[in-house]
Amino acid sequence: MTNRVRRHISIDEKLLFDQATGNRSSFELAPLDVDYPGADRLLPRELVREDVPHFPELNEVEVNRHFTRLSTYNYFIDLGLYPLGSCTMKYNPKINEKMARIPSFAEAHPLQLHENTQGCLRLMKHLEEMLLAVTGMAGATLQPLAGAHGEMTGMMLIRAALEARGNPRRTVLIPDSAHGTNPASAVLCGYDAITLKSNSKGCIDLAELREKLDENVACLMLTNPNTLGVFEENILEISRLVHENGSLIYMDGANFNAFMGIARPGEMGIDVMHLNLHKTFSTPHGGGGPGAGPVVVGEELLPFLPVPVIYEKADGELTLDYDRPASIGKVAGFYGNFGVLVRALTYMMRLGRDGIKAVAEHAVLNANYLRHHLQDVYHLEYGQPTMHEVVFDDRYQEEFGVSTMDIAKRLLEYGFHPPTVYFPLIVHGAMMIEPTETETKEELDAFIETMKQIAAEARANPAVFRQAPQALRTARLDETGAARTPILTWQQARES
Ligand SMILES: *Cc1c(COP(=O)(O)O)cnc(C)c1O
């Protein structure tokens, strides 16, 4: 590392801000030279602060460098492999961004009359149709703003449909391999979440399902493939049992990249599912958003979809239908995160039917490639066929005192983002790896080599893990402290 680079890395941003005084400014405006009566009263007097807090004063160069430096603090998908399992951190084609920035999309106002926004409505209608085509479902809403929001919307639809049948019921069955948002969504909709234990294959245990299916069960909420990256091989039998019990099936479709274009949930008896456009359909989603969690439903749930529903009149004009008495209402402001919808449609149109199928095939192939090359050095708790992600654990490294967290930190030193760690909870010391379809064989090989090297180090020199990472801007963080007492705003240093 050159001294120059070292200097950039060692700049203390906080210090920079605290010292930033002295009449520096990032903009220069000529003084007002027109007579504008009342200019001094543009703001009501009670809103004008007498006592102005100290804000950092920086010139344009400093501000620019500050934010540019900050942008290099993080690892990001445009830098390298980001193998978080369950999160689908794939490379997002830049053409998506270009489309989302077309002024007639980016600047369309949600309150414009629908006569003026036929293009935007057509885009949403087209996206709905494509999502229905790949899922095999009957209707869609694009409103939900995230996967968890889609789950809540889906559960509201289930409650509405069961209420219409005469009894909303009381419980929701959820496998222990579920994403944490699943039970939360069920509870938010007034249900008690009941856990189903997975069997030794990591799947739903049919005997346990039969036993727990009673007249209280509103629905089974399952993720397929589940968070072990395992496909529920008994899905047809499962949906038969659930429907026989008068219950419905919710499928968490966040992992749909594993089989889209190959099999359709609608044909597996799924009643409602959400999709994560910001995972499967390529919108950048590091840092918490924006996302989109459209919900697709079968025939029975159609009347309850959120309003407005996009509706095509006989003459081809698109309009928004609010007149739906059984609807659960609105679940988001306006029509959802429109920019994400533009990106998703761009992605799907660019791929086409064959391309979408190829995404799933490559996602699964890549995960199996990693599994094949790493299963001798990292322990695999569940041996079922791997779909889009594979869950190893630290059992082989435990005896040397090296844990999953140590491995994750060491990976950072080698320039890779770590996988998802300690999830799913049913695997002790889990490392959940999802390579996605967008990585090359060379990148996967580099990751495999690094993981093998780390396994060798664990055996030969476990001490090297204690302080990892050393080579990065920040060493090992106090993760508990960061979560419990985060400092989220800049605070002026106290004068001593
Ligand atoms: C990511 C994910 C969710 C939640 O999606 P958000 O957009 O983060 O709310 C739900 N279920 C599964 C399986 C996921 O991977």
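Before you click: residues count from 1 along each chain as its sequence is written, and side-chain values use heavy atoms, with hydrogens and water left out. Because the model is predicted, local features need pLDDT of at least 70 and side-chain atom pairs count only at pLDDT 80 or more, while totals for chains, interfaces and linings use all residues.

**Stop 1: the ligand.** You get 13 residues, and Ser86, Gly147, Asp252, His278 and Lys279 come nearest. Colour the shell by class: three residues are nonpolar, seven polar and three charged. Here Ala, Val, Leu, Ile, Met, Phe, Trp, Tyr, Cys and Pro count as nonpolar, Asp, Glu, Lys and Arg as charged, and the others, Gly among them, as polar. Helix 7 (residues 147-165) gives the largest share, three residues; helices (H or I, at least four residues) and strands (E, at least two) are DSSP runs, numbered from the N terminus.

Now draw some polar contacts (pairs of N or O atoms within 3.5 Å). Which distances show up to ligand oxygen atoms?
- His278: a polar side-chain atom at 2.6 Å.
- Gly147: a backbone N or O atom at 2.7 Å.
- Asn276: a polar side-chain atom at 3.1 Å.

Stop 2: Ser86 isn't a glycine, yet its phi is positive, about 75 degrees.

**Stop 3: two domains.** Zoom out and colour 94-349 as domain 1 and 359-484 as domain 2, bounds that come from an automatic or database domain assignment. Their centres, over C-alpha atoms, are 31 Å apart. About 1600 Å² is buried between them, 64% of it from carbon and sulfur atoms; that is accessible area (1.4 Å probe) lost on being put together, summed over both parts.

**Stop 4: cis peptides.** Most peptide bonds are trans, but go to Val307 and Pro308, where a cis bond has omega of about -5 degrees. Pro308 sits in the loop between strand 7 (295-297) and strand 8 (309-312). Finish at Ala468 and Pro469, joined by a cis bond with omega of about 0 degrees; Pro469 is in the loop between helix 14 (441-460) and helix 15 (479-484).

How values were computed: Near = heavy atom within 4 Å. Polar contact = N/O pair within 3.5 Å; in protein donor to acceptor, adjacent residues only side chain to side chain. Buried area = accessible area lost by both parts, 1.4 Å probe.
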